Amino acid sequence: MDVNQLQKRFVDYTTTLVQEKGFLDDQFNQLQQLQDESNPDFVFEVVSVFFEDTDRLLNELGKTLDQQNVDFKKVDAHVHQLKGSSSSIGAQRVRNVCIAFRNCCEEQNIEGSLRCLQQLKHEYSLVKNKLEYLFRLEQQILAAGGSIPTWNE
Amino acid sequence: MSSNSNTKLIALVVDDNKIMRNIEVKLLTKLGVEACEVYNGKEAVDLLRDENEFDLILMDLNMPVMNGLEATRLLREMGVTTRIIGLSSQASEYVREVFMEAGVDDFVEKPLSHTKLASILTKYFKN
């Protein structure tokens with residue numbers, strides 16, 4: 001595949017993630033616009049921190065919800081962190097589950113919280129796969145001597 | 001420090017979320033503002049107590065150890081007159097009010113964008 005085809009695939013794929021599937025919102029676009037020559041890996045770096053944080057928080061949430069007496073204050077604090085991080089990178093479907101999860105925390109609803117945790121893991125896994133694919137495309141474009149195209153909603 | 005046209009503005013980002021801090025620092029840098037960052041309100045208070053001076057503080061609401069409201073109140077009690085912008089993803093009128101009562105100059109909903117930050121800089125540092 002030549003550079004032009006790779007760049008087209010990159011734009012089409014990103015647009016689909018935003019417009020059709022709703023995995024990402026305009027915040028991801030904002031993030032891409034912050035990337036420049038002085039920091040060409042900015043988006044990758046920020047998203048990598050998001051992956052690390054989310055893996056850790058999901059693990060913590062599993063442990064906290066597995067306790068006999070669930071500390072909902074602690075659960076809510078973890079979900080709050082995750083809501084902030086997902087919102088910062090534009091992972092809107094993850095953020096939306098966080099909003100529902102925080103309502104369950106407020107009601108001290110264990111069953112609802114466990115359901116939200118499963119949903120959170122599912123949405124996170126989906127968006128992580130999509131973003132990893134996007135980064136692989138970026139690498140292919142760069143390796144073929146092209147530049148990362150910009151896209152707009 | 002003074003914030004005249006010959007001097008680069010210096011901002012302090014106060015947020016416990018590393019991703020938010022990275023993005024806010026990058027946004028500030030892109031707009032020509034030098035940026036420092038700390039993890040919570042207490043670290044911000046300590047930094048200003050040590051006579052470090054800033055033109056702008058971007059203050060998150062929910063943080064461990066010391067939240068944005070406590071930190072803002074303490075800073076104002078210490079006589080700090082720096083512009084403080086309260087930030088939160090909870091964009092309710094209630095959050096705005098409690099932030100304003102604590103002593104911030106303005107409140108902005110998170111996530112911060114280039115447009116929102118540029119508008120703050122224009123509003124408070126026109127010259």
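This is a predicted model: local features need pLDDT of at least 70, side-chain atom pairs count only at pLDDT 80 or more; totals for chains, interfaces and linings use all residues.
Local features need pLDDT of at least 70, side-chain atom pairs count only at pLDDT 80 or more, and totals for chains, interfaces and linings use all residues; side-chain values use heavy atoms, with hydrogens and water left out. Residues are numbered from 1 along each chain as its sequence is written, and chains are lettered from A, with ligands numbered from 1, in the order in which they are written.

**View 1. Chain A contains six helices and zero strands.** The order along the sequence is α-α-α-α-α-α. Helices (H or I, at least four residues) and strands (E, at least two) are DSSP runs, numbered from the N terminus. A box of roughly 55 × 30 × 25 Å along the principal axes holds the C-alpha atoms of chain A. Chain A has 153 residues, and 49% of them count as buried. Buried means under 20% relative accessible area, exposed over 50%, partly exposed in between (1.4 Å probe, protein chains only). Of the chain A contacts between residues at least 6 apart in sequence, 66% join residues at least 24 apart. A contact means heavy atoms within 4.5 Å.

**View 2. The surface of chain A exposes about 7900 Å².** Carbon and sulfur atoms supply 44% of that area. Accessible areas come from the Shrake-Rupley method with a 1.4 Å probe; for residues, only the protein chains shown count as cover. Chain A carries 16 positive and 23 negative charges, and their mean positions are 6 Å apart. Lys and Arg count as positive and Asp and Glu as negative, while His and the chain ends are not counted. Each charge is placed at NZ of Lys, CZ of Arg, CG of Asp or CD of Glu.

**View 3. A:His80 sits in helix 4 (residues 72–89) of chain A.** An unreviewed UniProt entry annotates A:His80 as "modified residue: Phosphohistidine". UniProt positions follow the numbering used here, feature names are shortened, and annotations may be inferred rather than shown by experiment. A:His80 counts as buried because its relative accessibility is 17%. Beyond its neighbours within four places in sequence, A:His80 contacts A:Arg102 and B:Asn62.

**View 4. A:His78 also belongs to helix 4 of chain A.** This residue is buried, at a relative accessible area of 13%. Residues up to four places away in sequence aside, A:His78 touches A:Leu57, A:Glu60, A:Leu61 and A:Thr64.

**View 5. A:Ala91 lies in the loop between helix 4 and helix 5 (92–106) of chain A.** Its relative accessibility is 0%, so A:Ala91 counts as buried. Leaving aside neighbours within four places in sequence, A:Ala91 is in contact with A:Phe23, A:Leu24, A:Phe50, A:Ser86 and A:Val127. A:Leu17 is 74 residues from A:Ala91 in sequence, yet the C-alpha atoms are 10.0 Å apart in space.

**View 6. Chain A and chain B meet through 22 residues of chain A and 16 residues of chain B.** The buried area is about 1600 Å², with 57% from carbon and sulfur atoms. In chain B, B:Ile19, B:Ile23 and B:Lys26 lose the most area to chain A, together 37% of what that side buries. Buried area is the accessible area (1.4 Å probe) that two parts lose on being put together, summed over both.

**View 7. UniProt lists "domain: HPt" (unreviewed entry) at residues 39–141 of chain A.** That span is 86% helix and 0% strand, with its end C-alpha atoms 17 Å apart. For chain B, UniProt places "domain: Response regulatory" (unreviewed entry) at residues 10–125. Residues 10–125 of chain B are 46% helix and 22% strand, and the end C-alpha atoms are 12 Å apart.
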